[in-house]
Amino acid sequence: MEGVFAPGEWEKLYRHFGEDVAGKVRDGLARYGRRWGLRDLRFIPYYSVNCLFTACSGQYGDVVLKLGPVCPEMLTECAALRDFDGRGFCRLYEAEPEDGALLLERILPGTPLRAVKDRERRLELFCGVYRELPRLPMQEGRYPTYQGWVEKIAATMRRLPASPELSGAMQRARTVFGSLWDRYPQRILLHGDLHHDNILLSGEGGYRAIDPKGVIGDPLFGLARFLLNEPYGQEARPLDFLQEDVEELAARLGYPAGDIARCFYVEAAMCSCWSVEDGAPAEEYPALEREAALAASLLARYE
C-alpha cells in the first residue's frame with residue numbers, strides 16, 4: 001500500500017472504520033487493483049461509509065475505486081448507475097457490489113457545486129442539472145420508495161428513546177408527506193441525494209451527478225435535498241433566504257412553493273432523525289432540533 005496513503009491516512013482510516021473494514025479495504029486494493037488493471041492508486045481522504053481511491057486504468061482512463069461494506073445502499077447505487085447509463089451521471093465501469101467494490105468514471109475537474117460562491121448562481125446551476133437528469137419509469141419493487149423511507153424512519157423514531165422534539169417532527173412529516181405522495185403520483189427513478197457535493201463540474205463544461213441512492217418517487221421529491229445542504233446557518237436571515245430559494249425554485253421549475261416547502265420539512269425531519277438512528281450523541285440533538293425547527297418555521301409561512 002506504499003504510495004496509496006499519505007502519512008497518517010491509513011491510521012485514521014483504521015480508527016474511523018475499524019479493523020474489519022480496514023482489512024477489507026487492504027484486500028480489495030490488492031484484488032481489484034490486479035483484476036481491473038489499476039495503477040497510481042491514491043486515497044481520497046473522505047471518511048464516510050465507503051473508502052474512495054483515484055486511479056488510472058489502461059482500459060477506462062481516470063477512475064474512482066469505491067470499496068466499502070456490503071449493504072443495500074451499494075446494491076441500489078450500482079443498479080441506479082446501470083439504469084442511468086452515464087446520462088447525466090458518472091459511468092459505472094465495473095462492479096462487484098456483493099463484495100462492496102465499484103469502479104467508476106472519475107469526473108474531471110470534479111469541482112463540486114458547493115464551490116460556486118454565489119447563492120443565486122448555485123441555484124441556477126442546480127436547476128439546470130435537475131432538468132437534464134433522465135427520468136426513468138421503474139417498477140417500484142426494484143428500488144426502495146420515498147414513501148418507504150418516510151414510513152421506516154417514522155416507525156424507528158417511535159421506538160427510540162431519543163429526542164421527543166425530533167420524534168414529533170418526524171410523525172408530523174409522515175402526515176405532511178402522505179398528502180404529497182397522493183397528489184404527485186409519478187413514479188420514476190430519482191437520484192435520492194442530489195446535493196452540492198454530489199454534483200461535479202465535468203470537462204465538457206456542464207455538471208454531472210455522482211453517488212445516487214436510487215429511490216422511486218415523483219420528481220418533486222428530488223428537490224429538497226439541495227435546499228437542505230445550503231448554508232442558511234451562515235446567513236443573517238436564514239428563514240428569509242430559505243423562502244427566497246423556495247420561491248425561486250417554484251418559479252424556475254413550475255411546482256407550487258408550498259409543496260416545495262413541505263418537501264423541505266419532510267427532508268429536514270428525516271435527515272435529523274437518520275442522524276439519531278445512526279448514533280448521533282445526545283449533545284448533537286439541539287443542532288438537529290434547530291434544523292427541524294427552521295423547516296417548521298418555513299412550513300408555517302405556507303399554511
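Here is a quick tour of a predicted model, covering a hairpin, a histidine and the nonpolar cores.

## Ground rules

Residues count from 1 along each chain as its sequence is written, and side-chain values use heavy atoms, with hydrogens and water left out. Because the model is predicted, local features need pLDDT of at least 70 and side-chain atom pairs count only at pLDDT 80 or more, while totals for chains, interfaces and linings use all residues.

## The hairpin

Let's start with strand 1 (residues 38–44) and strand 2 (residues 51–57), which run antiparallel and are joined by 5 bridges. Strands here are DSSP runs of E, at least two residues, and helices are runs of H or I, at least four, both numbered from the N terminus; two strands pair if DSSP finds at least two bridges between them. The hairpin gets from strand 1 to strand 2 through 6 residues. Phe43 sits opposite Phe53 of strand 2.

## His195

His195 is in the loop between strand 8 (188–190) and strand 9 (199–202). It counts as buried because its relative accessibility is 11% (buried means under 20% relative accessible area, exposed over 50%, partly exposed in between, with a 1.4 Å probe and protein chains only). Leaving aside residues up to four places away in sequence, His195 touches Arg225, Phe226 and Asn229 (contact means heavy atoms within 4.5 Å).

## The cores

A nonpolar core is a set of buried Ala, Val, Leu, Ile, Met, Phe, Trp, Tyr and Cys residues joined through side-chain atoms within 4.5 Å. The largest one has 89 residues, and those with the most contacts inside it include Phe126, Tyr146 and Phe221. Helix 9 (residues 257–277) supplies the largest share of this core, 12 residues. A second, separate core has 23 residues, among them Trp10, Phe17, Cys51 and Val63.
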